[in-house]
Amino acid sequence: MLKKEIHVPVVPQDLHIHTTFSTGDSAVVPEQTVEFVASVGHARSVGISDHFEYLVDTFDIYRDTVKKHGLYLGTEVDGAALAGEAAGMPFEYYMYHCRNTDEDYRGLEVLLATGRPVIVAHPQVFETDLSKVPPETLIEINNRYVWRNNWRRYYTPWLGSFNFVIGSDAHQPGWLGQVVARHVAVELGVEEHLVFG
Ligand SMILES: [Zn+2]
Ligand SMILES: [Zn+2]
């Protein structure tokens with residue numbers, strides 16, 4: 001029988017991925033290890049962004065594991081409370097939950113002051129008011145959530161104001177994809193901003 005070549009579809013970047021380091025996130029399955037994500041090779045630039053609140057005690061092993069596999073070292077910060085602590089640690093980029101509160105917009109400024117890329121995660125889930133977000137902030141189009149809201153109404157007023165990043169928000173192997181988010185980006189005419197080139 002003729003053996004046909006099969007390729008994994010490769011997207012330019014995926015910086016919103018969770019692994020078993022997010023110990024308190026019940027959506028993460030035990031198979032979703034850093035090793036597994038690295039082995040799939042579904043994106044040219046792959047970053048791991050486990051929830052910061054679960055990394056406080058395990059940061060060293062988290063960093064060593066992510067870097068050993070040649071992946072970018074990120075974290076997802078849940079609002080202002082831990083933004084200062086996260087900003088003081090050597091992450092290469094941040095995902096950020098920015099609720100529509102003055103406190104969370106201040107937390108965003110704390111992360112931006114590091115000079116590292118900051119991506120506001122699934123902003124329409126938290127009703128982030130993009131008029132309160134500095135223009136150097138990167139805005140995510142999130143495959144896990146984007147279809148659950150009126151994405152056209154939410155994003156359209158801001159297409160000329162920000163750079164956009166597409167992320168899977170994968171907690172499970174089967175979620176390592178961005179088909180819906182990329183469909184949305186095409187519909188909006190967004191050219192994705194590549195964070196690490
Ligand atoms: Zn999130
Ligand atoms: Zn996430």
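Residues are numbered from 1 along each chain as its sequence is written, and chains are lettered from A and ligands numbered from 1 in the order in which they are written. Because the model is predicted, local features need pLDDT of at least 70 and side-chain atom pairs count only at pLDDT 80 or more, while totals for chains, interfaces and linings use all residues.

## Overall fold

The chain holds 6 helices and 7 strands. Helices (H or I, at least four residues) and strands (E, at least two) are DSSP runs, numbered from the N terminus. Read from the N terminus, the elements run β-α-β-α-β-α-β-α-β-β-α-β-α. The radius of gyration of the chain is 16 Å, close to the 16 Å that the globule rule gives for 197 residues, so the chain is as compact as a globular protein of that length. The radius is taken over C-alpha atoms, and the globule rule is 2.2 Å times the number of residues to the power 0.38. Along its principal axes, the C-alpha trace spans about 60 × 40 × 30 Å.

Of the 197 residues, 43% count as buried. A residue is buried if 20 or more other C-beta atoms lie within 10 Å of its own, exposed if 12 or fewer, and partly exposed in between, with C-beta atoms placed from the backbone. Among contacts between residues at least 6 apart in sequence, 67% join residues at least 24 apart. Two residues are in contact if their C-beta atoms, placed from the backbone, lie within 7 Å.

## The sheet

The 7 strands of an open sheet follow the order β1-β2-β3-β4-β5-β6-β7, with parallel pairing. Strands β1 (11-14) and β7 (163-167) stand at the edges with a single partner strand each, so one side of each has no neighbour in the sheet. From one strand to the next, the twist averages 30 degrees; axes are lines fitted to C-alpha atoms, for helices over the stretch in contact, and angles run from 0 to 180 degrees between N-to-C directions. Two strands pair if DSSP finds at least two bridges between them. For β3 and β4 (residues 93-97), the parallel pairing runs over 5 bridges, and Asp78 stands opposite His97 in β4.

## Helix α2

Helix α2 (residues 59-68) has Tyr62, Thr65 and Val66 as its buried residues. Seen down the helix axis, these fall within an arc of 95 degrees, so they line one face of α2; the arc is that of the directions from the helix axis to the C-beta atoms. They pack against α1 (34-40), β2 (43-51) and β3 (72-78). Asp60, Asp64 and Lys68 are exposed on the other side of α2. Gly70 follows the helix and has a positive phi, near 75 degrees.

In soluble globular proteins, nonpolar side chains tend to be buried together. Here the largest nonpolar core has 51 residues, and those with the most contacts inside it are Val77, Tyr94, Tyr96, Leu111, Ile119 and Ile141. The largest share of this core, 4 residues, comes from β4. A nonpolar core is a set of buried Ala, Val, Leu, Ile, Met, Phe, Trp, Tyr and Cys residues joined through C-beta atoms within 7 Å. Not counting residues up to four places away in sequence, Leu111 touches Val77, Ala83, Ala86, Ala87, Tyr94, Tyr96 and Val118.

Met95 lies in β4. Leaving out residues up to four places away in sequence, Met95 touches His16, Ser49, Gly74, Glu76, Val77, Ile119 and Ala121. The C-alpha atoms of Met95 and Glu140, 45 residues apart along the chain, are separated by 8.9 Å.

His51 lies in β2. Apart from neighbours within four places in sequence, His51 is in contact with Ser22, Asp25, Glu76 and Asp78. The C-alpha atoms of His51 and His193, 142 residues apart along the chain, are separated by 23 Å.

Most residues other than glycine have a negative phi. Glu127, in the loop between β5 (118-120) and β6 (138-142), has a positive phi near 55 degrees. Asp169, in the loop between β7 and α6 (179-188), has a positive phi of about 60 degrees.

| Residue | Other C-beta atoms within 10 Å | Class |
|---|---|---|
| His51 | 20 C-beta atoms | buried |
| Glu127 | 11 C-beta atoms | exposed |
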